Amino acid sequence: MARNLLGRYVWIIDTIRRHGIISRDKLEQLWLRSSVSDGIPLPRRTFYNYRAAIEDLFNITIEYDRLSYGYYLSTPGGPRAEGMTDWLLNSAAMSNVLASVSDASDRIFLEDIPSARTYLSQVVTAVRERRALRFTYHPFTRSTPNRGIELEPYFLKIFRQRWYVTGRNTADSCIKTYALDRMDEVTVADSIFEPDPDFDADEYVRDAFGIIFTQGEAHDVVLRTDPRQAKYLRALPLHHSQREVVNDSYSLFYLRLRLTEDFIQELLSLGPRVTVVSPPELKAMMVTSLKETLRLYGE
């Protein structure tokens, strides 16, 4: 896809979203003043073609309101679909911006992200069409790969710049999660599987942090932070259940989730500006980890 074409799609979506509802004439005026138009008008037929492409790429429908004679955005599929659409838009906008400043690449420093491009398309196809995946897996906990894994994929999740797929491992009939960047020799089966009707993906991830999905009980967690750290947690919440109570010299953050290793590592990474108020189990886990770290440095 041409860089400029993708930029035009993103511009149209952002412009309509900012206005809520916008007339064709107003959209045309803004279009001509924008950098994506190159000073060329937006013909009606071209606009209709762009509408169709936007719906196909971003799952966004540009609707027309006959009462106000304006266009507005509609995202079918509920909040999770809207979240995915926002993620796609952000990715497309960032890609478009970076591609437009390639001559400044020596002054832009990007984070090294393990690539999932090799097999992401195949895994997405398997999830959408309910087809089993067969692959070799290279876990960090073993020196030799696991070969011949067969997985009935239920859902995908991205966490810490990595893509993960979760589904039923057919060998032991257990729900397991695999990182795409550690998969190799991936193939998609021809046959279609029937997912477990009792499995609810939303329920499965609701009380989880990251990609460790245990069957343990969720706990009510209270964290205390100073005002400076509170701003960071406010801007980038740790979990969807997070809520804040602001006091004069500190904030309390309330969350409900399972106490997993990756959550403990996240809290440890925040340093002394965040302390666990409750539950006692989590405080004990944090103290144990900190003591073990101090012991290692003492040695």
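## A partly exposed aspartate and its partner

Asp181 is partly exposed, because its relative accessibility is 25%. (Buried means under 20% relative accessible area, exposed means over 50%, and partly exposed lies in between, with a 1.4 Å probe and protein chains only.) This is a predicted model, in which local features need pLDDT of at least 70 and side-chain atom pairs count only at pLDDT 80 or more, while totals for chains, interfaces and linings use all residues. Residues are numbered from 1 along each chain as its sequence is written, and side-chain values use heavy atoms, with hydrogens and water left out.

Which residue forms a salt bridge with Asp181? The partner is Arg162, and the closest N and O atoms are 3.2 Å apart. (A salt bridge is a side-chain nitrogen of Lys or Arg within 4 Å of a carboxyl oxygen of Asp or Glu.) Arg162 lies in strand 6 (residues 162-169), while Asp181 sits in the loop between strand 7 (174-179) and strand 8 (183-192), so this pair ties together parts that are 19 residues apart in sequence. (Helices, H or I with at least four residues, and strands, E with at least two, are DSSP runs numbered from the N terminus.) Arg162 counts as partly exposed too, with 23% relative accessibility.

Glu203 is partly exposed at 41% relative accessibility, and Arg206 is partly exposed at 39%.

Another salt bridge pairs Asp220 with Arg256, whose closest N and O atoms are 3.0 Å apart. Asp220 lies in strand 9 (residues 219-225) and Arg256 in strand 11, so the pair ties together parts that are 36 residues apart in sequence. Asp220 counts as exposed, at 52% relative accessibility, whereas Arg256 is partly exposed, at 37%.

How do strand 10 and strand 11 run, parallel or antiparallel? Strand 10 (residues 243-246) and strand 11 (residues 251-257) run antiparallel, joined by 4 bridges. (Two strands pair if DSSP finds at least two bridges between them.) In one of these bridges, Val245 has Leu252 of strand 11 as its partner. The two strands form a hairpin, with 4 residues between them.

## Rings and charges

How many aromatic pairs does the structure hold? There are 17. (Rings of Phe, Tyr and Trp, the last by its six-membered ring, pair if their centres lie within 6.5 Å; planes under 30 degrees apart count as stacked, over 60 as edge-to-face and the rest as tilted.) Phe199 and Tyr204 have ring centres 5.2 Å apart and planes at 50°, so their pair is tilted. Phe199 is partly exposed, at 22% relative accessible area, but Tyr204 is buried, at 12%. Both rings belong to a cluster in which ring pairs link Tyr154, Phe155, Phe193, Phe199, Tyr204 and Phe213.

Some charges also sit over rings. (This applies if NZ of Lys or CZ of Arg is within 6 Å of the ring centre and within 35 degrees of the ring normal.) Arg182 lies over the face of Phe140, 4.0 Å from the ring centre. Arg224 lies over the face of Tyr250, at 3.7 Å from the ring centre.
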